[in-house]
Amino acid sequence: MENKIDIEKLHMSCECIGHNHVIFYYMGYFSQNIIAAMADSVKTRVEYIGAASPTRRKLFSSFIEMAQNIIHYSADSIATHGKTDAEMRRGSVCISVENDRYYLQCSNLVHADIADHLREKLEHLRTMTNDEIRLEYKETLRAETPQESKGAGLGLLTMARDASEPLDFEFIPEGADGNMMFCLKATI
């Protein structure tokens, strides 16, 4: 069963549309193959605009983490029976630049229990210094992956480590089913 989302809300949740210079924007269904194609486009665009090498690396790794989070946690999905990807999940991702600052934003629908878990992690990250984030990143690399995790638990830590400001986030109630629109912004 597919959740119905107000397309306009998903589109508007990416604040970069409008006054900022958009480097990359995609709204739709995500799969590993789609992420690979987007990654090529992002690499090319970021190189074309002349971003410094460390900035390109941070932009690229944060972009990949945002896209992977959509694949792992978006509540809006469609089954792709008989395909190599088990599901495709809906969301949006945007990269923009303004005054030599790069902004990565993503949004997708999440179940309420996932929203609570993400909020807890993100609020914790916002209280940490850069050194504490780096230390927790290293410790997480060495630790075993929790069984309930769909990744190694490094995604938000990677984005927080690479960001020049604390990660911004918002959860917007979306319908009677308790799902939330999750919006995340990283500044590089």
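**Packing of helix H6 in the predicted model**

H5 and H6 are roughly antiparallel to each other, since angles over 145 degrees are classed in this way, those under 35 degrees as roughly parallel, those of 65 to 115 degrees as roughly perpendicular and the rest as oblique. The structure is a predicted model, in which local features need pLDDT of at least 70 and side-chain atom pairs count only at pLDDT 80 or more, whereas totals for chains, interfaces and linings use all residues. Residues are numbered from 1 along each chain as its sequence is written, and side-chain values use heavy atoms, with hydrogens and water left out.

The chain contains six helices and six strands, taken as DSSP runs numbered from the N terminus (helices H or I, at least four residues; strands E, at least two). From the N terminus, the order of elements is α-β-α-α-β-β-β-α-α-α-β-β. Of the 188 residues, 44% are buried (under 20% relative accessible area, with exposed over 50% and partly exposed in between; 1.4 Å probe, protein chains only). Contacts (heavy atoms within 4.5 Å) between residues at least 6 apart in sequence join residues at least 24 apart in 68% of cases.

Helix H6 (residues 155-162) is mostly covered, with seven of its eight residues buried. These are Gly 155, Leu 156, Leu 157, Thr 158, Met 159, Ala 160 and Asp 162. The buried residues of H6 pack against H3, helix H4 (112-126), helix H5 (130-142) and strand E6 (180-187).

The axes of H5 and H6 lie 9 Å apart at an angle of about 150 degrees; axes are lines fitted to C-alpha atoms, for helices over the stretch in contact, and angles run from 0 to 180 degrees between N-to-C directions. The crossing of H5 and H6 is left-handed, a term applied if the near helix is turned anticlockwise from the far one by less than a right angle, and right-handed if clockwise. On the H5 side, Ile 133, Arg 134, Glu 136, Tyr 137 and Thr 140 meet Leu 157, Thr 158, Ala 160 and Arg 161 of H6. This contact of H5 with H6 comprises four nonpolar, two polar and three charged residues (nonpolar: Ala, Val, Leu, Ile, Met, Phe, Trp, Tyr, Cys and Pro; charged: Asp, Glu, Lys and Arg; polar: the others, Gly among them).

Within H6, Leu 157 is buried at a relative accessible area of 5%. Beyond residues up to four places away in sequence, Leu 157 touches Leu 125, Ile 133, Glu 136, Tyr 137 and Thr 140. The C-alpha atoms of Leu 157 and Glu 136 are 7.8 Å apart, at a sequence separation of 21 residues.

Helix H3 (residues 53-73) comes within 9 Å of H6, axis to axis, and crosses H6 at roughly 150 degrees. H3 and H6 are therefore also roughly antiparallel, and the crossing is left-handed. Contributors from H3 include Arg 57, Ser 61 and Met 66, and those from H6 include Leu 156, Met 159 and Asp 162. By class, three nonpolar, five polar and five charged residues make up the contact of H3 with H6.

The largest nonpolar core has 42 residues, with Phe 63, Leu 167 and Leu 184 having the most contacts inside it; such a core is a set of buried Ala, Val, Leu, Ile, Met, Phe, Trp, Tyr and Cys residues joined through side-chain atoms within 4.5 Å. H3 gives the most to this core, with six residues. Leu 122, in helix H4, is buried at 0% relative accessibility. Leaving aside neighbours within four places in sequence, Leu 122 is in contact with Leu 156, Leu 167, Phe 169, Phe 182 and Leu 184.
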